[in-house]
Amino acid sequence: MLFIAIGLSQENYPQLQEIVTDNAHIFNQEQLMGMRAKLSQFETETTNQLVVLTIQRLGSETIEQYANGTFNQNKLGQVEKDNGILILFAKEDREVRIEVGYGLEPFITDAVASRIIRNTMIPEFKQENYFEGLDMATNQIIQFLNDPEALEEFKNEIDDESDMGLGFKIFIMLFLSIFIAAGGFIFIKVYRNIIEVFRGIFIGKLGMLPGMFMAVFSLLPLGLSLVFVIMPLVFVVLIWEVDVSNYEYLLDQPSRILYLFGCILGLAMLLAVVKIRIKGKEDFKLSFFKSNKKYLSKTFSSGGTHSFGSSSSGGSSSSFSGGGGSSGGGGASGSW
């Protein structure tokens, strides 16, 4: 029954009948017919299939999953060439992806696709010029696949902009690692303190109300320590031009940050219970207000010694169809 439920819950991808499918209704009729004519002519002349699909929303899947599933279900490109490209536009999610078939990955690389999205599409999408962004992007892809010199020049521009030298990159990473280590040290120290706060609450030596106040107040230095860790990692991503568009959604809403801190506190509670169980000499008790002054002085004072590590355990026609191609997930995604 579980397998059946999982199978029924999977996304149903569109069965494409046109080389341009505008389910998000962002094109007028003239724009739609013009783009279909352009891409159909490109396929006739080269056998490469450049397909555009717009949708309102992605549902429960990421844009990478949706694009890859749609691509392979419709078998875009030719079976022996895998020369298909899908541009997926999700209006309400404000995301776009260029999914590239195996055969065209050496030409439209992840870096090329990412640069087209970032420099050509996103600026237009921010102005709600959706057709213009997609039209310009398809023109670029057609140009690059028809003109190897233009593609090579574009790749050289990407390399020139990102070429900082391997030695310099390594030096920067070593320098940033100092901040990461400092932030990590502070995080561990503060987190051990939070775990001990919950242990004190669970064994009745620390009142629930003052203990929860201490735990929540400790989130401030904990958050600052994460800044020391995360910001250098952001610089590393920029230096090495790592595509992190797949994970931007994790921080795009304040509620997700609050959820993260909630998980941190929840894990601290669990580790506190584990520590009590390992020691085996302490009973679970609760005190709402009253705290053991000797315990507070010994555990949380500047001269106190405490270590968790010492006791922890480790459309209109149906002439269009895919030719049997496939994609392994090459391409790039972006959001605006």
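A salt bridge is counted where a side-chain nitrogen of Lys or Arg lies within 4 Å of a carboxyl oxygen of Asp or Glu. In this predicted model, the count by that rule comes to 5 salt bridges. One of them joins the side chains of aspartate 135 and lysine 38, with an N to O distance of 2.6 Å. Aspartate 135 belongs to helix H5 (residues 130-146) and lysine 38 to helix H2, so this pair ties together parts that are 97 residues apart in sequence.

**Further salt bridges**
- Glutamate 92 and arginine 57 meet through their side chains at 2.9 Å, N to O.
- Glutamate 92 sits in the loop between strand S3 (84-90) and strand S4 (95-100), and arginine 57 in the loop between S2 and helix H3 (63-74), so the pair ties together parts that are 35 residues apart in sequence.
- Glutamate 92 is partly exposed, at 47% relative accessibility.
- Arginine 97 and glutamate 99 form a salt bridge at 2.7 Å, N to O; arginine 97 is buried at 4% relative accessible area, and glutamate 99 is buried at 0%.
- Glu196, Arg199 and Lys275 are linked in a network of salt bridges.

**Positive phi outside glycine**
- Histidine 25, which is not a glycine, has a positive phi of about 60°; this residue is in the loop between strand S1 (20-22) and helix H2 (29-46) and is exposed, with a relative accessible area of 65%.
- Threonine 47 has a positive phi near 70°; its place is in the loop between H2 and strand S2 (49-55), where it is partly exposed at 28%.

**Confidence**
- The protein chain has a mean pLDDT of 80, and 79% of its residues reach 70 or more.
- Residues 1-10 stay under 50 in pLDDT and have 0 contacts beyond four places in sequence.
- Residues 302-316 are also below 50 in pLDDT, and this stretch has 22 contacts beyond near neighbours in sequence.

Conventions. Residues are numbered from 1 along each chain as its sequence is written. Side-chain values use heavy atoms; hydrogens and water are left out. pLDDT is the predictor's confidence in each residue, from 0 to 100. Contact means heavy atoms within 4.5 Å. Helices (H or I, at least four residues) and strands (E, at least two) are DSSP runs, numbered from the N terminus. Buried means under 20% relative accessible area, exposed over 50%, partly exposed in between (1.4 Å probe, protein chains only).
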